Amino acid sequence: MNDTSKLSNEKHTYGQILRSSVLIGGSTVASVAIRIVRTKAMAVFVGPAGVGLLSIYESITTLVQSIAGLGISGSGVRQIAEAAGTGETERIARTVVVLRRTSIILGLLGALFLALFSRMVSIMTFGNDQYAGSVAILSLVVFFGLVSGGQSALIQGMRRISDLAWMGILGTLLGTIITIPTIYFFREKGIVPSLVGIAAMSIATSWWYSRKLQIKPPAMTYRQMRQETVPLLKLGVAFMASGFFTTGGVYVVRMIVLRHIGIDAAGLYQSAWGIGGLYVGFILQAMGADFYPRLTAVANKNEECNRLVNEQALVSLLLAGPGVIATLTFAQAVISIFYSVKFGPAVEILRWICLGMTLRVITWPMGFILVAKGKQNLFMMTDFAWAVVNIALAWICVTMFGLKGAGIAFFGSCVSHGFLLYPIVRHQSGFRWSSNNRRTGIFLLFLIGVVFCCFYLVSFWPATVIGTLVTLGTGMYSVRVLVALISPERIPGPIRLLLTQLRLLR
């Protein structure tokens, strides 16, 4: 293959990454705008204690879903993507049927489990059985979530990125329409019903978009069912374990904050956690939505696999850098806008979480190598190590530094995760960072570190001015580099005109 052909392929890949990022990113921005209204209403109507209670309920449902779901929302994407790659209609149909049926069965089992053990969960979480009834009602959230996850996996595996984006927007909008009046009239008593309403809207929208894939269910023998189900569950267990370690780690950290400081502190931690992952979240979602299925298709070709990871990492860094610096700079204003002035103590922990989220942008593309290659044990081991380090550091740091210790612990666990993951993927695929990625990564991490330190070394306004200038500078830099990576004709006309007027495109 000549150099021109290589360049063309690379530009096509960068264009694909940016297109997916824009679609999922646009969906996330719209969803975030809707969530701002919902979050603001929650903060005003129930305060830090109510937000803390909400975060604990969400941790419970997420943890149960990660266990009961057996990871099929993740393994389902891989199975559907593989089947779609063959172009065999019958194989695709068999995989879809098995995924849907399995999701419903696991959803019922997960809901039953939480309902039966609601009293025990309440005692373990809150130290009493006062919340057992509320926990039992959350079983509906578990069922709706698992069935919705199976339908979303189908859409993602078929790489219907536009449908995935609209599904997220509509689900969030409908959930918000239900949540605000519920919280307004019932206050803290409306938290659980609102979570049920949000989950119900999620399953409704996922069903609506999945039904557009008109796949006729084939007649299947027991042997065929088994052939499709075993690999789905085998890889799914790895996803389940990973999800359990991740959500379990977050759950335990919240319990540490709750027991050491109080429920108001849990609400402050939740507010910082939600905002810290907000901007980076759309990048990671885009990564999972399109990059994962594409990487799965070339998982056995190490050279191509490593090239895709480097390209994804570069685009993700360029998109994340300015956003993270802006969040560090305007953390105080962001907290007030999203929540209220009562959540001011969350600013410092938010800045530490931003540092950790930056490292996640770097490590996530590497982690997908293990997933795409089906290296379940290694995948589980790295996430288990992250959870252990996060919990251990949280126990130490919360005791020593108070609430901000939870943020310090998250950052420390992300650092250790990167050092553990890199040599593993290097051994599995020969992966190494490209020289371009190393330069870009060092440059952006240095600037992020400078802005972070400014808020500790100088007064607020000089630090804000420095952060604003760095945000604008890195934004211009990122746009220039991204524009250079893709062909001008692949840029939408209005955006191309704006970039030309700003002299960012010739």
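**Salt bridges in the predicted model**

Lysine 404 forms a salt bridge with glutamate 348, the closest N and O atoms lying 3.4 Å apart; a salt bridge is defined as a side-chain nitrogen of Lys or Arg within 4 Å of a carboxyl oxygen of Asp or Glu. This pair links distant parts of the chain, with lysine 404 in helix H16 (residues 404–429) and glutamate 348 in helix H14 (residues 346–372), 56 residues apart. Helices (H or I, at least four residues) are DSSP runs numbered from the N terminus. The model is predicted: local features need pLDDT of at least 70, side-chain atom pairs count only at pLDDT 80 or more, and totals for chains, interfaces and linings use all residues. Residues are numbered from 1 along each chain as its sequence is written, and side-chain values use heavy atoms, with hydrogens and water left out.

Lysine 404 is partly exposed, at a relative accessible area of 26%, and glutamate 348 is likewise partly exposed, at 30%. Here buried denotes under 20% relative accessible area, exposed over 50%, and partly exposed in between (1.4 Å probe, protein chains only).

In total, the structure holds 3 salt bridges. Another of them joins arginine 119 to aspartate 129, with 3.3 Å between the closest N and O atoms. Arginine 119 belongs to helix H4 (residues 118–126), whereas aspartate 129 lies in the loop between H4 and helix H5 (132–137), so the pair ties together parts that are 10 residues apart in sequence.

Glutamate 311 forms a salt bridge with arginine 307, the closest N and O atoms being 2.9 Å apart. Both residues lie in helix H12 (residues 302–329); being 4 residues apart, they are separated by about one helical turn. Glutamate 311 is buried, with a relative accessible area of 2%, while arginine 307 is partly exposed, at 26%.

Notes
Helices (H or I, at least four residues) and strands (E, at least two) are DSSP runs, numbered from the N terminus.
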